[in-house]
Amino acid sequence: RRGAVLLFKGAVLWTPAALFWVSLAWGLPFLDLRSDEEIQEDENEVRRLERFFDVERLPEAEYLVEWHAKEEALAQIVEKLLRSQRFLDCMLPGAYNGASAPDQASFAGSAGRGSASAA
């Protein structure tokens, strides 16, 4: 009886678990429930990100280093924007429609200075 339980556990529990972890370690999908369309979308997204970060033509050694550096720089830019109260105010719906007179004057003044200095 004990041998049957051990055999059953090995067949039902340990073998699939071992196959899963080995496939995960080798990078081979053991169980991929995504459809072909979802896999294609994921590949397209990776290609878009490679073009965005301009790393698609780099050798493998430089690829990840450059990708990480650019991703970190982008994250810092986004973080800085999200800490900016003026940016957050501009993101509110109707931010420019309901702007108060001082806000409109400051926008008009800065636009006027920019055009006057260009002339």
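Residues are numbered from 1 along each chain as its sequence is written, and side-chain values use heavy atoms, without hydrogens and water. Because the model is predicted, local features need pLDDT of at least 70 and side-chain atom pairs count only at pLDDT 80 or more, whereas totals for chains, interfaces and linings use all residues.

A search of the whole structure finds 3 aromatic pairs, where rings of Phe, Tyr and Trp (its six-membered ring) pair if their centres lie within 6.5 Å, and planes under 30 degrees apart count as stacked, over 60 as edge-to-face and the rest as tilted. Phe-52 and Phe-53 form an edge-to-face pair, at 5.1 Å centre to centre and 70° between the planes. The pair of Tyr-63 and Trp-67 is tilted, with ring centres 5.8 Å apart and planes at 40°. Phe-52, Phe-53, Tyr-63 and Trp-67 form one aromatic cluster, in which Phe-53 is buried at a relative accessible area of 6%, whereas Phe-52 is exposed at 56% (buried means under 20% relative accessible area, exposed over 50%, partly exposed in between, with a 1.4 Å probe and protein chains only).

Glu-50 is buried yet has no salt bridge, and Arg-47, the nearest side chain of opposite charge, is 6.7 Å away; a salt bridge is a side-chain nitrogen of Lys or Arg within 4 Å of a carboxyl oxygen of Asp or Glu.

Asp-54, which is not a glycine, has a positive phi of about 55°, and is partly exposed at 47% relative accessibility.

Note on methods:
Lys, Arg positive; Asp, Glu negative; His and termini not counted.
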